[in-house]
Amino acid sequence: QQLWGDEMEEKASDIFTVQTKIAMGCAEKLKGTLSGEEEAIVAKPPAERADAYELYIKGSLRLQRGTQEDANMALALFDRAIDLDPRLADAYVGRGAVFADRFFFGWGGKESIDDAIESYRKALEVDPQSTSARRGLVWEFSELEYGDEVLQQGASIQGDQLNTVDGLSVKADAYFAGGMPDRAVPIYEKILQLDRQNRSALWHLVIAFTWSLQSEKALDAGEVYIEKFGEDPELHTWIAAAYKERGDLDAARVHCERAIVLFGENSNEYVYLMASRIYFLLGDSVRAHSILKSLETRLEDKVRSNPSNFRMAAFLIDAYASLGKFNQAANLLGRDRLAPISRPITFWSLELMVRSGQMEMVRTIIQEFSKTREDLILDMKRAMAEGSMTELTLGELKKAGFWKMQLEMDDRYRALY
């Protein structure tokens, strides 16, 4: 049903004026009379210069393609946009996303995280209300295991921003990345009530359900996602994890294999690790080792090219441990420049070392964890709930005072909100 329509007499070059008229017309018909503050928000153009904004849009589209070459081209477009309009906060956010991708995909080292954080902070200098910049900081601080900073970004969302999808997204992501997925769930659900087509919220909700040990809800949400938005290779991995949690290893294997097919040559390292674990559990060690050997070669190349990329190093440690190469895993763990190690990896490697009798190595690693790692409360809760770790491993962690430290940290995080 058409509620509003009008003819635009403005020139196509004056696109922001046209955009404002359309936004105002639709908003007035859908909501009635706008307040003065609401009119100001709707009327505010996204940039001072249309040519700079166009470059930002082109850069964003390039970045979405997901290749290293496209990311480099996107960075050049964002830089050109900033040259034309230094007050364009979105362009700084785009720069941050390029550097974040460089680290995430192993194209760069730790300096990429530093560059991403610098870009996001610059965006906040230009626009203190930029929720996109805050979301970027949430994810980069979570890579560095800076739990307090992650939660602080979520705590900064106050007042009217709590009534917006963008503001709620920052808060939900902060809980999610800060190790409290159970508290992220209701916020993602609220976002979906406000915006049923919010792809990111539904995607993260599937994973939050999985991390919260709510596998049935994770599978239901995953089914809704695929029906609405189509297949997503990484989401298949988390659906596989939910099936694994439920004990349905055959279904988990199907989803892992589908993820590998959809990713193609650029498959996510985590997909391969998850697939290898499932094959081990299914008793197909030949297939598991084949996947791990292929992954080992890829990861060694990435770590060699970018030795400070601790995310890729963490995956390689897991691959080494899964292949029984414990000395190589310990050697990589022992490099100070590689700390911290991403949380999906450590406990799996630790448990494999315990089962193989590498207790001296395990105790050394736990001592290092107690100095540098503050965000493992989620991992320990999951390990205890799933029964996926031996009492010996948990006993060593408790003996080091790790469990007490985690509980104190958890209380501190909750008090922040």
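The crossing of H15 and H17 is left-handed, as found in a model that is predicted. The helices concerned are H15, spanning residues 269–281, and H17, spanning residues 310–322, and their axes come within 10 Å of one another and cross at roughly 20°. Because angles under 35 degrees count as roughly parallel, H15 is described as roughly parallel to H17. On the side of H15 the contact is made by Glu269, Tyr270, Leu273, Arg277 and Phe280, while H17 contributes Met312, Phe315, Asp318, Ala319 and Ser322. By class, the residues of this contact comprise six nonpolar, one polar and three charged.

A second pair of helices was examined in the same terms, since two packed helices are described by the angle between their axes and the distance between the axes. Helix H6 (residues 110–126) and helix H7 (residues 131–143) have axes that come within 9 Å and cross at roughly 155°. As angles over 145 degrees count as roughly antiparallel, H6 is therefore roughly antiparallel to H7, and the crossing of H6 and H7 is left-handed. The contact involves Ile113, Ala116, Ile117, Tyr120, Arg121, Ala123 and Leu124 of H6, together with Ala133, Arg134, Gly136, Leu137, Glu140, Phe141 and Glu143 of H7. Nine of the residues in the contact of H6 with H7 are nonpolar, one is polar and four are charged.

The loop between H6 and H7 holds Ser130, which is buried, with a relative accessible area of 6%. When residues up to four places away in sequence are not counted, Ser130 touches Val93 and Leu124; Leu124 is also one of the H6 residues in the contact with H7. A further loop residue, Leu213, lies between helix H11 (199–211) and helix H12 (215–229). Leu213 has a positive phi of about 65°, although it is not a glycine. With a relative accessible area of 31%, Leu213 is classed as partly exposed, whereas Ser130 is classed as buried.

At the level of the whole chain, the model contains 23 helices and zero strands. Of the 417 residues in the chain, 49% are buried, and the accessible surface comes to about 20000 Å², of which 49% belongs to carbon and sulfur atoms. Among the contacts in the chain with a separation of 6 or more, 61% are accounted for by residues 24 or more positions apart.

Definitions and conventions. Residues numbered from 1 in each chain as written. Predicted model: local features only at pLDDT ≥ 70, side-chain atom pairs only at ≥ 80, totals over all residues. Heavy atoms only, no water. Axes fitted to C-alpha atoms, helices over the stretch in contact; angles between N-to-C directions. Helix = DSSP H or I, 4+ residues; strand = E, 2+ residues; numbered from the N terminus. Parallel < 35°, antiparallel > 145°, perpendicular 65-115°, else oblique. Left-handed = near helix turned anticlockwise from the far one by under 90°. Contact = heavy atoms within 4.5 Å. Nonpolar A, V, L, I, M, F, W, Y, C, P; charged D, E, K, R; others polar. Buried < 20%, exposed > 50% of the residue type's maximum accessible area, 1.4 Å probe, protein only. Areas by Shrake-Rupley, 256 points an atom, 1.4 Å probe, with all protein chains shown as cover.
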